[in-house]
Amino acid sequence: MINLHIPKFVIFIYKRFKEAGYQAYLVGGAVRDAFLQRPITDWDVVTSASSEEIKAIFSDTKLFALKHDTVTLVDSGRHFEVTSFRGRTKLLHEDLTFRDFTINAMAYDLENSRVLDPCGGKADIKRRLVRAVGNPQKRFQEDPIRLLRAVRIATELGFKIETETLKTLTSMAPLLRSTAPERIREEMMKLLTSSRPSTGFSLMVRTGLLKYFLPELLEGYRKKQNAYHRHNIFKHIMETIDRVQPDPVLRMTALLHDIGKPRVREKIQGEWRFLGHEEASAALSQEIMDRLRFSKDTILKVNNLVRHHMIDYNSEWSDSAVRRLIRRVGPEDIMDLLVFRRADLLAHPAENQELDLLDKLETRIKHEIKGHVATKTQDLAIDGHKVMEILGISPGKEVGAILEDLIEQVTDNPELNNKTQLRAILEKIKGSYALDH
């Protein structure tokens, strides 16, 4: 027997349906995760009511409907999906046969506190198998995103994909081309933030799924060591992903940080080198993330981290060099860059010296940030209006150029960042203006 701590809002949903004369059951991941004693994040309900009837029953509740026969109810910012029975008979047992995998095709009867399992989900949980419900070909044809979902669920749970399901998935991999990029992105991000994403990505290589939504990653995949590089780029990327904390931005950075390497290789004195791969990887990452419809903010942050991930710090760096690094990366991203870079180094063999240097750099960066280092012109003690007032110039590019010159001077000498010192610098500039004009 499973132990379910059902949220009050789910009980409210159930009671509303019962009072209105409809059946309602918990289904899917909540029931599966209860058996596995995992935290439950998704609470889905299936009902004998139609979508229009659901909307009428919950007319006083915040809701929206983006998918056919599914209504999403909202409570305190949380979403609860309510779906109508599928199939000709509009009965629970038939509805469950249309679900993707047996472990997701169980229902919980709240009234009688029992699990309904016509497809053998409990047995497959014990076997640690992801198995398609009924005919796997039909299930994947109904919704090709299930091809990717099978890999994602198996990766999350540490399960294997059942032999016939895996065979069918491999043969039907091209169907993924017909799936909306947004849905692919959502499944990929769930996989990417699992405890060991490399397992799923390696499986997507073997089944052929990866080439239909992220073919660029295959350019760095080699089954064996090859002539142009001593180690497998794909393997390094996977090791980096597994090592960095499961934050979506950091995991995406890990996935894309070396993706441009195979396109910028050059043989120098008999050895293959990767010249400017940070810029190549940043450009390619933008193209990939645009294609998968990532948000603008996420694209900007990942690109920033990818572009600057090769820090190349050494102990001879001056304090102003450290401040310039903070300026280039941005104070809002610099600590994430250090976290990522540590994982990147750990994924390389024998990088102890660089790890020690990174620790020292982190100490110096924290010291500068604590001292409120100026990283942008807005951090200066004076603004563009004061520049125009002192120099007697009009708004334009010249004002921005002067502010940039001031921030450069302040980066070298932070003690200059006060109104008196900056005004003195501007007075000198004003004097040169008088001579020039």
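Because the model is predicted, local features need pLDDT of at least 70 and side-chain atom pairs count only at pLDDT 80 or more, while totals for chains, interfaces and linings use all residues.

**Stop 1: the strands**

Select residues 63–67 (strand S3) and 70–75 (strand S4). Helices (H or I, at least four residues) and strands (E, at least two) are DSSP runs, numbered from the N terminus. S3 and S4 run antiparallel and are joined by three bridges; two strands pair if DSSP finds at least two bridges between them. Find leucine 63, whose bridge partner in S4 is leucine 73. Then click on aspartate 69: in this hairpin, with two residues between the strands, aspartate 69 has a positive phi near 65°.

S4 and S5 pair in the antiparallel sense over six bridges. In their hairpin, which also has two residues between the strands, serine 76 takes a positive phi near 50°.

Which residue stands opposite threonine 70 in S5? It is threonine 83. Valine 46 stands opposite threonine 83 too.

**Stop 2: the largest pocket**

Now select Asp44, Lys67, Glu81, Arg149 and Lys190, which lie nearest the centre of the largest pocket among its 44 lining residues. On a 1 Å grid over the protein atoms alone, a pocket is an open set of points where a 1.4 Å probe fits, with protein on both sides within 12 Å along at least five of seven lines; lining residues have an atom within 4 Å of a point. Its volume is about 1800 Å³, meaning the space filled by probe spheres set on the points.

The lining divides into 10 nonpolar, 12 polar and 22 charged residues. Here Ala, Val, Leu, Ile, Met, Phe, Trp, Tyr, Cys and Pro count as nonpolar, Asp, Glu, Lys and Arg as charged, and the others, Gly among them, as polar.

**Stop 3: two helices**

Finally, select helix H15 (residues 319–329) and helix H17 (residues 352–370), which pack at an angle of about 80° with their axes 10 Å apart. Axes are lines fitted to C-alpha atoms, for helices over the stretch in contact, and angles run from 0 to 180 degrees between N-to-C directions. H15 is therefore roughly perpendicular to H17 (65 to 115 degrees).

Definitions and conventions:
Residues numbered from 1 in each chain as written. Heavy atoms only, no water. Parallel < 35°, antiparallel > 145°, perpendicular 65-115°, else oblique.
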